[in-house]
Amino acid sequence: NDLLREMLVNEDSENSTLFTLQEKKELLFQIFRLFVIGGCLCQCDDKITRYLEVTKKLYKEILTVFKNATTEEPEIAGKSFLIKSVPGLELFSGSSNNDASVENMFIMIIDSNKKYITIIKK
């Protein structure tokens, strides 16, 4: 039984309420979800700590944090988007844009400070 993967894939899972809807929208959660669900070459791991470690490393690597000059509070540069479909485009071979599969999505992060776009896809 892989309750973690089942919780992340199945919205009706008895464990799906462990995370709030707001938490599930966070970039950190979506990166974690991509690693746990994996893709065609996924090597599942029984230890959640490995998923947490690699998620944390990637999260720190792709985000730019800076101190706001006015508030002196740390802020994250850029915006992240979870892309599941684009009208008129076939983003995922062999599927329609109506395919709601958890496999058919990617994350795009736009960092306007560095002028970078990062795409994370399995």
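Ile119 is located in strand β5, which spans residues 116-120. In this predicted model, Ile119 has a relative accessible area of 48% and is partly exposed. Together with Phe81, Ile110 and Ile117, Ile119 makes up a nonpolar patch on the surface.

Ser16 is placed in the loop that runs between α1 (3-9) and α2 (21-25). Its relative accessibility is 9%, so Ser16 counts as buried, the limit being under 20%. A polar atom of the Ser16 side chain lies 3.1 Å from the backbone oxygen of Glu11. When neighbours within four places in sequence are set aside, the residues in contact with Ser16 are Met7, Asn10, Glu11 and Lys24.

A search of the whole structure for salt bridges returns 1. The partners are Asp2 and Arg5, whose closest N and O atoms are 3.7 Å apart. This separation qualifies because the criterion is a distance within 4 Å. Side chains of opposite charge can pair when their charged atoms come close. Asp2 is partly exposed, and Arg5 also counts as partly exposed.

The relative accessible areas of the residues discussed are listed below.

| Residue | Relative accessible area | Class |
|---|---|---|
| Asp2 | 38% | partly exposed |
| Arg5 | 23% | partly exposed |
| Ser16 | 9% | buried |
| Ile119 | 48% | partly exposed |

Note on methods:
Residues are numbered from 1 along each chain as its sequence is written. This is a predicted model: local features need pLDDT of at least 70, side-chain atom pairs count only at pLDDT 80 or more; totals for chains, interfaces and linings use all residues. Side-chain values use heavy atoms; hydrogens and water are left out. A salt bridge is a side-chain nitrogen of Lys or Arg within 4 Å of a carboxyl oxygen of Asp or Glu. Buried means under 20% relative accessible area, exposed over 50%, partly exposed in between (1.4 Å probe, protein chains only). Helices (H or I, at least four residues) and strands (E, at least two) are DSSP runs, numbered from the N terminus. A polar contact is a pair of N or O atoms within 3.5 Å; within protein, one must be able to donate a hydrogen and the other to accept it, and residues adjacent in sequence count only if both atoms are side-chain atoms. Contact means heavy atoms within 4.5 Å. Patches are made of residues with over 30% relative accessible area and no salt bridge: like charges are joined within 9 Å, nonpolar side chains (Val, Leu, Ile, Met, Phe, Trp, Tyr) within 5 Å. Accessible areas come from the Shrake-Rupley method with a 1.4 Å probe; for residues, only the protein chains shown count as cover.
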